Amino acid sequence: MSAGIASCPANTGYLAHHRHAQSEIYYIISGKGEVTVDGKVHAVSGGSTVFIPGNAEHGIKNTGDQELKWFYVFPTASFSDVEYKFSEVEKVDERVDELVPRKEPPVLKIYGWDA
Ligand SMILES: [Zn+2]
């Protein structure tokens, strides 16, 4: 297993849409946000858990005025086994039917443990 804690800054922080072969679990520790999995948007807050199937396109965005912090788990021995494939375009807002080029990498902190 490989696990860690990631965080995004208040209001606008996000982890851009991406996919990887491994499935993943997010457990939201604190803050408010939206997790998108294969185009479906899930509102999340402290205590929410989201299962992300392998190869599903997903991303997370902070929609609250506090830091969004979550715990993630991969079923792989090392985080370095996880190959992130970022989407080149993404839907910034579900209400807008338009794909925009992906912006600069997000401001994101990751602390991880491998076992
Ligand atoms: Zn992921």
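Trainee: Which residue in β5 is the bridge partner of Glu34?

Mentor: The partner of Glu34 is Ala43, in β5. Keep in mind that this is a predicted model, where local features need pLDDT of at least 70, side-chain atom pairs count only at pLDDT 80 or more, and totals for chains, interfaces and linings use all residues. Residues are numbered from 1 along each chain as its sequence is written.

Trainee: Okay, and how many bridges do β4 and β5 pair over?

Mentor: Six bridges, in the antiparallel sense. Strands here are DSSP runs of E with at least two residues, numbered from the N terminus, and two strands pair if DSSP finds at least two bridges between them.

Trainee: What is the strand order in the open sheet of five strands?

Mentor: The order is β5-β4-β7-β2-β9, with antiparallel pairing.

Trainee: Which strands stand at the edges there?

Mentor: β5 and β9 (85-86) do; each has a single partner strand, so one side of each is left without a neighbour in the sheet.

Trainee: Switching to loops, where does Asp38 lie?

Mentor: Asp38 is in the loop between β4 (32-37) and β5 (40-45). Its phi is near 45°, a positive value in a residue other than glycine.

Trainee: Is Asp38 buried or exposed?

Mentor: Asp38 counts as exposed because it has 12 C-beta neighbours inside 10 Å. The cut-offs use C-beta atoms placed from the backbone: a residue is buried if 20 or more others lie within 10 Å of its own, exposed if 12 or fewer, and partly exposed in between.

Trainee: And what about the phi of Asn55?

Mentor: Phi of Asn55 is near 70°, also positive in a residue other than glycine. Asn55 sits in the loop between β6 (49-52) and β7 (58-62), and with 13 other C-beta atoms within 10 Å it is partly exposed.

Trainee: Now the inside. Which residues make up the largest nonpolar core?

Mentor: There are twelve, including Cys8, Leu15, Tyr26, Val35, Ile52 and Trp70. β2 (14-19), β3 (24-30) and β8 (68-74) are the elements that give two or more residues to this core, and β8 has the largest share, three residues. A nonpolar core means a set of buried Ala, Val, Leu, Ile, Met, Phe, Trp, Tyr and Cys residues joined through C-beta atoms within 7 Å.

Trainee: What is Tyr26 in contact with, leaving aside its neighbours within four places in sequence?

Mentor: Val35, Thr49, Val50, Ile52, Trp70 and Tyr72. Contact means that the C-beta atoms, placed from the backbone, lie within 7 Å.

How values were computed. Helix = DSSP H or I, 4+ residues; strand = E, 2+ residues; numbered from the N terminus. Contact = placed C-beta atoms within 7 Å.
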